[in-house]
Amino acid sequence: MTDDTTASTRPGSDDDPVAKLAELLGDFRFAMLTTIDSTGKLTAHPLTVQETEFDGDLWFLVSRSSSAVADLTAEPRAGVSLSSNDSWVSLSGRAWLVDDTAKVRELWSPVVEAWFQNGPDDPDVGLLKFEAESAEYWNTPGGRVASLLSFVKAKVTGEPYEGENAKVDL
């Protein structure tokens, strides 16, 4: 990756890293939430992204009795990582349970029912808010074929692998 910069919001700019981050996050369905457990170990928990618009926050529906919730109750610092075939995002921030029945209903979908058969009123349904403080993304525009061609080009020419990379303070 050739562009490793720390950036902040530059409204109206085509290369606005916050806008690029929001665009990339809209493409992911699953995330890994990393928490710190009671012994200080990092633990990753697979979650489904519930909201595709990114404003600095991510929302997840979780079991109130899950180990992720127990970890976050003791230590709210957390990370979220997301990946696809040609892009990766890492977010750092804080997460906690929010009591908001209207938001649970807004985010509810038939997919969530696979985990919570009793519907959005199930007392075990928890609403987890992740508030991002910083992020880093890596993106290879053009998908798999472009990624493969960039990789081959780097191997043949000895030039660095091309792609977008930025660190973003939120």
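Let me start with threonine 48, which lies in strand E3. This is a predicted model, so please take what follows as computed from that prediction. Threonine 48 has a relative accessibility of 16%, and because the cut-off for buried is under 20%, it counts as buried. What does threonine 48 contact, leaving aside its neighbours within four places in sequence? The residues are Arg29, Phe30, Trp59, Phe60 and Trp115.

One of those partners, phenylalanine 60, has a list of its own. Not counting residues up to four places away in sequence, phenylalanine 60 touches Ala31, Leu47, Thr48, Val49, Gln50, Val80, Gly126, Leu127, Leu128 and Phe130.

That takes us to the core. The largest nonpolar core has 29 residues. Phe60 is among those with the most contacts inside it, together with Leu33, Val80, Leu82, Val89, Leu91 and Phe130. Which elements give two or more residues to this core? They are H1, E2, E4, H2, E5, E6, E7 and strand E8, residues 164–169. E7 gives the most, with five residues. There is also a second, separate core of ten residues, and it includes Trp108, Val112, Phe116 and Leu127. As a general remark, nonpolar side chains in soluble globular proteins tend to be buried together.

Next, the strand pairing. E5 and E6 run antiparallel and are joined by seven bridges. A hairpin of three residues connects E5 to E6. Within this pair, valine 80 stands opposite leucine 91 in E6. E6 also runs antiparallel to E7, and here there are twelve bridges. Valine 89 stands opposite tyrosine 137 in E7.

Now helix H2, residues 67–74. Its buried residues are Ala68, Val69, Asp71 and Leu72. Why are they on the same side of H2? Because they cover an arc of only 160 degrees around the axis. On the other side of H2, Thr73 and Ala74 are exposed. The cover over the buried residues of H2 includes strands E2 (30–36), E3 (42–48), E4 (57–63), E5 (77–83), E6 (87–98) and E7 (125–139). E3, where we began with threonine 48, is therefore part of what covers H2.

Last, a loop position. Glycine 26 lies between helix H1, residues 17–25, and E2. Is glycine 26 buried, exposed or partly exposed? With a relative accessible area of 31%, glycine 26 is partly exposed.

Methods. Residues numbered from 1 in each chain as written. Predicted model: local features only at pLDDT ≥ 70, side-chain atom pairs only at ≥ 80, totals over all residues. Heavy atoms only, no water. Buried < 20%, exposed > 50% of the residue type's maximum accessible area, 1.4 Å probe, protein only. Helix = DSSP H or I, 4+ residues; strand = E, 2+ residues; numbered from the N terminus. Arc of directions from axis to C-beta. Contact = heavy atoms within 4.5 Å. Core = buried A, V, L, I, M, F, W, Y, C linked by side-chain atoms within 4.5 Å. Pairing = 2+ DSSP bridges.
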